[in-house]
Amino acid sequence: MLVVAAGLLVYHNSFTGPFIFDDVDSILENPTIHRLWPLGQALSPPHGAGITVEGRPIVNLFLAINYALGGHDVWGYHALNLAVHILAGVALLGIVRRTLLQPRLRERFGESALPLALTVAILWTVHPLQTESVTYIVQRAESLMGLFYLFTLHCFIRGTESRLPGVWYSLSVAACLLGMACKEVMISAPVMVLLYDRTFISGTFREAWRRHWPLYLALAVTWILLVQLTVFAKTVPFALSNAETMGVTWWRYLLTEPGVILHYVRLSAWPRSLCLDCGWPFPWTWQNVLPPMFVIAIVLVVSMWALKRNLTWGFLSAWFFLILAPTSSFLPLNSASCEHRMYLPLAAVVTVVVFGAFTFGKHLLGARARLGRWLGWSATGAVALLLGFLTVQRNFDYRSARAIWQDTINKCPDNPRAHLNLANALSDVDRLEDAMQHYEQALRISPNFAKAHNGLGIALAQAGRIPEAIEHFEQALQIKSSFADAHYNLAHALILAGKVPEAAEHFEEVLRLKPDDAEAHYNLGNSLAALGRLPEAVTHWEQAVRLKPDFVEAENNLKTARRQTDTLEDHVGR
């Protein structure tokens, strides 16, 4: 109950935060969440719905559940995010408590198992580093994966203690399978179960395999689903293409990550400079690369030594590094650093701190157990209150898109993507002049930023500056010829400039890139009708209505076209 109460208390002000960033693609513009049945649609995130849900069907299904319950009402999405996070905190509590009661640790920690586990779970739950995974709606991909990751391990532990181990092992495999369908980071879960077994239960890998080999084979089979989903969503090619666009090679990304990992550790210790999109720079000089590489190399060597010696804290090191490995190694991702990637690794950091403080305090106070318990709970309460206060403050930054992106710019003024998103937010409330300043700032920082050219073009068109808007749309397409939104916006601007034939060509290009775009079919139909090509226009209006049955404008155009056709036929007949 304390974990539940702590979670509710620190996230009480998170329920009204709007959809931001990837929420737009993954929720507002994702038609596959509009129906729960048949399940095939909800389990099939569309390509182009954003990297947050592509290839992650269980995340998409949970979004569909939210949509079925409340449409686009943000309250329900935040409530489900928080429920997932609190359940994860409870699962972590169970794992830590049962681990401390294992024969290997019972003598040292058995009497304090529940208080220590409760301390770890509460501090992990209220830590402000978790806000990106909880308050930023679509990052439930991380927290949902984390929940299933923890369930996988928790059910395994319960199975080793139960008279019906098969039931718990089956639940462990099911949780692992669901986690694989949430996020690729789940890949390390079967390995962590094996390491846990070897460290705390069986004592050796050989004994762990002898006792539980059917379970490990079943857990390994879940990798097949992950591979299938990764191939289907083209995750790796997307990452490599994105890296090429950014000019980042795999080895540059690898050299950058030691500094990022140390940054994560600093945020774990003092989470005062949290940033939604920090735009972490890729270092060019060895002076920037070598110091963090040296530190991380030493930690890794010591961790591998601890694992080889089967030391308890070696498991915690493995937990930290193996869970971070998919995002903090050699595969270049969209951002070098994201706070939500620390969702599960933070548990290892918190555990080390809590048990370090407990061991030090016990050694210092000796036999004064009552004083030790009083000091321990006082320190836990003070730290939890501080972390909770910082979490409440961080949630306040998510109160609007403008607030979170202004906060990001305040902390990372040279981040072009932050300027772009703040400009978009300002444009949404008709503050066009302010928006254009931030679009221009984004382009000063990154001249080949196609999305910034497109955004500036939209703002210029809304301000009536059509020739300048056309110029920026064309620049966006010079940078990225497959940019469907830029083709669409350029087509609209060309219509306003009286260049309907050219506009029709760009609407056709939009449909080549996005064949199921109802709006593009509708507008291409309008352009063709203006050019006197009514039969072709009717075909596209029909497509628009088929794709979007409630498309009133397209339906009206079809009715008008049919009346004109009937009148012409009557006239010819007479």
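A salt bridge is a side-chain nitrogen of Lys or Arg within 4 Å of a carboxyl oxygen of Asp or Glu. The structure holds 15 salt bridges. This is a predicted model, in which local features need pLDDT of at least 70 and side-chain atom pairs count only at pLDDT 80 or more, while totals for chains, interfaces and linings use all residues. Residues are numbered from 1 along each chain as its sequence is written, and side-chain values use heavy atoms, with hydrogens and water left out.

Select aspartate 485 and lysine 514 to begin. Their salt bridge has its closest N and O atoms 4.0 Å apart. Aspartate 485 lies in helix H24 (residues 484-496) and lysine 514 in the loop between helix H25 (500-513) and helix H26 (518-530), so the pair ties together parts that are 29 residues apart in sequence. Helices here are DSSP runs (H or I, at least four residues), numbered from the N terminus.

Lysine 514 is partly exposed, at a relative accessible area of 37%, whereas aspartate 517 counts as buried at 16%. Buried means under 20% relative accessible area, exposed over 50%, and partly exposed in between (1.4 Å probe, protein chains only).

Next, select lysine 548 and glutamate 519, a salt bridge whose closest N and O atoms are 3.3 Å apart. Lysine 548 sits in the loop between helix H27 (534-547) and helix H28 (552-573), and glutamate 519 in helix H26.

Finally, select Arg394, Asp397, Asp407 and Lys411, which are linked in a network of salt bridges.

Methods:
Helix = DSSP H or I, 4+ residues; strand = E, 2+ residues; numbered from the N terminus.
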